[in-house]
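Me: Hi! Could you walk me through this one with me? I'll just ask things as they come up.

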Amino acid sequence: MKEFIKQARYRLMIFLAVFGPATITAVSDDDGAGVATYSLAGAKFGYSILFILFVVTFLLAITQEMGVRIALVTRKGLGDLIRERYGIILSVVVFFILFIANLGTIVSNFAALKATFQMFGLPVAPFLFLSVAFSIIIVSKGNYEVNQKIFLLAVVLYFSYVISAFKAKPDWSLAFKSLVVPTGIKLSKEFIFASIAVLGTTITPWGQFFVHSFVLDKKLSVDKLKFTQFETYFGALFTDFFSFFMIVATASTLFVHNIPLTSGEQAALAIKPFAGELAGFLFGFGIINAALMGIIIISLTTAYAFAEFFGYEGSLDAPFQKGRLFYGIFIFQVVAAALIVLLPFVSLFKIVFITQAMNGFLLPLIFFFLLKITNNKDLMGQHVNSKIYNYFAIISSVIIIISSLFVLISSFL
Amino acid sequence: MLYFSEIKGRKVYSEDGIEIGFLDDLIFLAIEKPKITKIIFLDKNKKKYTVSIDYVNKINGSVIISKNYLVTELQDNELSVLKNLLDKQIIDIGGNKIVRVNDVAFQKEGEGWYIYGVDVGFLGITRWFGLENTLIKLFRVANVNLTPRFLSWADIQPLELARGKVKLKKEEDKLERLRPEDLADHLEQTNLVSARRILRLLDDKFAAEVISNLNINYQSDIFRHFRPEKAAQLIDLIDIDEAVDIILSLSKKRREDILNLLPETKRKSVLHLIGLSKTTIGGLLTTEFITVSSNCTVAEAIGKIKKETEDFYFLNYVYVVNNDNQLVGVFNLHKLLLQNLDVPVYKFMTQNVIIIHLTTPGEIAIKKMLKYKIQALPVINEQKNMIGIVNVDDLTKYILKKFS
């Protein structure tokens, strides 16, 4: 027995040492834009949309695991691998689309931030400026350790949604039932769109790039693979644990009382009459937290990808002097996105639209790369996909590819 | 010079014009001087063929190979441009990531093709999209000269390539590009078009240094083709004596265009020196000189001196010419006496010959003599053939007369 406890403690220690990147990536998939999507879906379709979340959790776990495994085994980022295996032309194209799509996502996070500041009656421009300054300072001044700690703190702050949901006094038994068994789903065009939106906000091209780069930057060795894989599954579960409460919070208030939402951020105000002042405040606070985390992590993704594709030093541990381009790209994205949001004539709707189309174009490509690489024995050695795992991976990829093609095609219709 | 991006995917024809596939890869020896040994092309069914470079008649635009080509295998010490070099991460000696290989440049030298260096700049990326020249032109409108970064093969550790790494021999901040003299030598072995192309890639200061080290044919060709603005910028950076020499070799119109773009003070001093050139070297020229061919031995050279220079008034130097009668080297009598009789002269001659032209002002000629401590300067024409020498005593007499 003593031996067992000792063993367990030892394992826990390693797990904690490895812990971080996969969870941070997964949770940051619930960025400001993500929260808005879940709130809208919850308000419109109630608990019934929870089943989609259940499916998405598996997809997220499988896809992120592939990314983490490739990173640890090959010691290369997704950008490195695409450049070295598929050449410069494809690399430039992929980077360009990723850059545009990420900028669009950062803009929608700033928009969520702006809307929430307005809701709290805060002056928008100064607070946006503070957000930009905060993002730039922690990334350019802090090393990997510091950044990981700040991100993990942001992860903890997602618990505000759990409290919000409890305050809304939901029908817990119905909620859990809807999660595992399809309950009360009315198949309509809107429902399919909402499902794809939930999938699309959780499984993103930048998420795949980021988990890769961030695991690499932590400089873990391949013998920790088991622990990191475990963390990936944990992270996916944890992410949708929060998503669950976001949906529950709006489903149990707005859906039940049949109150329509025009934008996700409004949810913080709209749930107040039913769930109370505190719940509304925590919901709004949660959006600020999520949006800030999204802004930093998505901008970092572009910077990492740039460094990988074009071979520049790209690490949070690199001093500013050596990583000038890396930090430069990061700062450029944050500042540009903030400015775009402040411009009165920019249509956010159009930006979201273009972003979705770009992501819809990129995702199939990325999953093609992921499957190719994880099945390549020269690269992965003993860590290639097993046969059964490959089926899961292919099925997941196909679901994701079909839904992203659906978005891509529908955006041009 | 040729870039890999410009030949990858080009059609491969047999010498009787039959299309047999398209170029996929080049194979090279990972040694100090990386020679291209094989090409790989794919046929319509994407089947790979590896063929020795000996069968290749032409690489440029399209690839033409002999009819009777044989397919071979790769040797152990051979590497592939596509797999071992292109797109690979370059790290410096400290392990820092610098950049990736965006393109690879080749150079024909004699009969063989060699890897000249790797393009690590932004322009190297745009070249793959066929946008390089458009971009250069676009930026030129905004008065920005795009100059790509270029790493010479000499900075790369060939051994590390075989291990899948492109590793440099120095730290990033200590990385120097080619030495100007080396590059100039190298450029003189290529044709003028690629020489101009390489020079455009360099930043002005470095280009100016390289140009000063070139022979006058190249110099005047280069200045005939560069835009007047660029030419003026370069002239401004080149040593003034050298600059005057170059300007005098250009047409009158071209000369004025460039002069008008020079800064005021510089123009004044250049004009002053050009004014002097009206009294040219022609009158001081003597044809009392001796040339030997570069592979002739010391014994033969001494024999030739005995036979031909009996009635010479002055003999300090023996000039060395190649088969085209172009001046390629020089040695003095002292150096000659120190050698064994069977040594060919190219082994000990000085390759960097200080020369003047018929248009060179006497003042500049004397300056060169004093600077390099030479008693006689060879005068060459546009074809680099020697037409005579100017001796220090004739020159000093002329100068004395001028100032008395």
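**Hairpin, helices and confidence**

Reply: Happy to, and let's begin with a hairpin. In the predicted model, β18(B) and β19(B) form a hairpin with 5 residues between the strands, where K384(B) takes a positive phi near 70°.

Me: In what sense do β18(B) and β19(B) pair, and over how many bridges?

Reply: Strand β18 (residues 376-380) of chain B pairs with strand β19 (residues 386-391) of chain B in the antiparallel sense, over 5 bridges. I380(B) has M386(B) in β19(B) as its bridge partner.

Me: Nice. What is the strand order in the open sheet of 3 strands in chain B?

Reply: That sheet runs β10-β9-β14 in chain B, and the pairing is mixed. β10 (97-100) and β14 (166-167) of chain B are the edge strands; each has a single partner strand, so one side of each is left without a neighbour in the sheet.

Me: And what holds strands of a sheet together in general?

Reply: Strands of a sheet pair through backbone hydrogen bonds, in either a parallel or an antiparallel way. Here, strand β9 (residues 89-91) of chain B pairs with β10(B) in the antiparallel sense over 3 bridges.

Me: Which residue of β10(B) is opposite I90(B)?

Reply: V99(B) in β10(B) stands opposite I90(B).

Me: Switching to chain A. At what angle do α5(A) and α11(A) pack?

Reply: The angle between α5(A) and helix α11 (residues 205-217) of chain A is about 125°, and their axes are 10 Å apart. The two helices are therefore oblique to each other. Their crossing is left-handed.

Me: Which residues make that contact?

Reply: From α5(A) there are L78(A), G79(A), L98(A), A101(A), N102(A) and T105(A), while α11(A) brings P205(A), W206(A), Q208(A), F209(A) and H212(A). By class, the contact of α5(A) with α11(A) has 6 nonpolar and 5 polar residues, with no charged ones.

Me: How does α5(A) pack with α17(A)?

Reply: α5(A) packs with helix α17 (residues 348-374) of chain A at about 150°, with the axes 9 Å apart. α5(A) and α17(A) are therefore roughly antiparallel to each other. The crossing of α5(A) and α17(A) is left-handed.

Me: What classes of residue are in the contact of α5(A) with α17(A)?

Reply: There are 20 nonpolar and 5 polar residues in the contact of α5(A) with α17(A), and no charged ones.

Me: OK, on to the interface. How many residues does each chain put into the contact?

Reply: Chain A supplies 11 residues and chain B supplies 12 residues. On the side of chain A that touches chain B, helix α5 (residues 78-119) of chain A gives the most, with 6 residues. That side of chain A divides into 5 nonpolar, 2 polar and 4 charged residues.

Me: What ipTM and pTM does the predictor give the complex?

Reply: The complex gets an ipTM of 0.79 and a pTM of 0.73 from the predictor.

Me: What about pLDDT in chain A?

Reply: Chain A has a mean pLDDT of 88, with 100% of its residues at 70 or more.

Methods: Residues numbered from 1 in each chain as written. Chains lettered and ligands numbered in written order. Predicted model: local features only at pLDDT ≥ 70, side-chain atom pairs only at ≥ 80, totals over all residues. Contact = placed C-beta atoms within 7 Å. Helix = DSSP H or I, 4+ residues; strand = E, 2+ residues; numbered from the N terminus. Nonpolar A, V, L, I, M, F, W, Y, C, P; charged D, E, K, R; others polar. Pairing = 2+ DSSP bridges. Axes fitted to C-alpha atoms, helices over the stretch in contact; angles between N-to-C directions. Parallel < 35°, antiparallel > 145°, perpendicular 65-115°, else oblique. Left-handed = near helix turned anticlockwise from the far one by under 90°. pLDDT = per-residue confidence, 0-100.
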